[in-house]
Amino acid sequence: MDLGIAGRTALVCGASQGLGYACAVALAQEGVRVTLLSRRRAALESAARRIETEGGYRPDIIACDLATHEGLTMALANADTPDILVTNAGGPPAKHFRELSPADWDSAIRTNFLASVELIRSCVDGMIGRGFGRIVNITSLTVRMPVEGLDLSTATRLALTGYVAGVSRQTAKHNVTINNLLPGTVLTERIKELGETANRLIAMVPAGRGGLPEEFGAACAFLCSTRASYITGQNLLVDGGLCPFTV
Ligand code: NAD
């Protein structure tokens with residue numbers, strides 16, 4: 001299936017590894033000109049070299065920390081032109097809810113909620129003006145199914161989910177869609193960090209295995225395609241059937 005996005009431009013956040021990287025690869029394979037954003041320059045350069053091998057060009061990179069004011073300002077300075085935006089960053093620490101400090105909350109709200117809100121606000125008018133835009137926010141399975149120890153992640157991502165529910169309905173008539181992709185047990189560094197919590201979840205996955213990052217990237221590329229033009233405001237689980245609810 002031709003996804004119809006060859007020649008488009010994309011800003012992909014949290015793209016040096018894991019799910020963000022997989023989304024960038026999938027888009028590059030469709031002929032999209034991707035810009036990779038994440039914290040560490042060396043890791044970004046390595047990711048850009050790998051995409052050059054697969055996609056035939058060297059992506060631009062932006063090294064900045066979305067949790068800081070300076071980093072977000074740098075990201076926003078580059079956010080008015082892309083046709084496609086993938087918002088993403090590292091997940092908050094796994095902690096018992098009684099141990100979460102105000103600093104933990106502050107950091108997670110900035111990283112996993114406000115950064116996405118500001119990026120969406122910065123790019124959406126350019127997309128509307130050009131009559132095409134695709135925004136995909138990488139959130140989490142926990143939006144649908146709370147997991148003990150991940151309450152900070154659940155709460156901040158639900159804030160973004162609520163924001164997207166409203167804003168996506170205001171941009172739809174301009175062919176600008178906004179959807180959330182909800183990973184569960186896709187095998188990345190983050191999953192390894194979660195250790196026993198992740199192993200317990202993987203053992204419950206109906207598909208009988210953890211997910212592959214490229215399976216997640218393919219779902220992202222589809223949502224960013226011209227083929228997905230009538231899908232907006234949705235929360236799509238990529239979890240091998242782990243979340244047990246009917247809707
Ligand atoms: P990861 O830790 O492997 O990769 C995170 C990427 O984001 C890296 O490129 C990192 O450098 C970048 N990043 C982290 N903090 C940043 C910041 N403040 N500013 C800019 N870049 C930053 O994680 P992943 O598994 O790819 O997961 C991506 C997101 O999806 C995370 O928020 C994670 O919590 C969430 N998630 C993942 C899964 C899963 O199955 N892997 C499940 C639920 C939720």
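**Cavity lining and nonpolar cores**

In this predicted model, the largest cavity is lined by Leu66, Thr87, Asn88, Ala89, Thr111, Asn112, Ala115, Ser116, Leu119, Ile138, Arg157 and Leu160. Two elements, α4 (102-130) and α5 (151-171), each give two or more residues to this lining. The biggest contribution is that of α4, with 5 residues. By class, 6 of the lining residues are nonpolar, 5 are polar and 1 is charged. The space in the largest cavity is about 70 Å³. At a threshold of 30 Å³ or more, the count is 1 cavity.

Nonpolar packing was examined next. In soluble globular proteins, nonpolar side chains tend to be buried together. Here the largest nonpolar core has 36 residues. Within it, Val12, Leu27, Val34, Leu36 and Ile84 touch the most other members. Several elements supply two or more residues to this core: the strands β1 (9-13), β2 (33-38), β4 (84-87) and β5 (133-138), and the helices α1 (18-29), α2 (41-55) and α8 (213-223). The largest share, 8 residues, comes from α1.

Another core, of 24 residues, lies apart from the largest one. Its members include Ile62, Cys123, Met127 and Leu160.

Methods
Residues numbered from 1 in each chain as written. Predicted model: local features only at pLDDT ≥ 70, side-chain atom pairs only at ≥ 80, totals over all residues. Heavy atoms only, no water. Core = buried A, V, L, I, M, F, W, Y, C linked by side-chain atoms within 4.5 Å. Buried < 20%, exposed > 50% of the residue type's maximum accessible area, 1.4 Å probe, protein only. Helix = DSSP H or I, 4+ residues; strand = E, 2+ residues; numbered from the N terminus. 1 Å grid on protein atoms, 1.4 Å probe; cavity = no way out; pocket = protein on both sides within 12 Å on 5 of 7 lines; lining within 4 Å. Points joined across faces, edges and corners; volume = space filled by probe spheres on them. Nonpolar A, V, L, I, M, F, W, Y, C, P; charged D, E, K, R; others polar.
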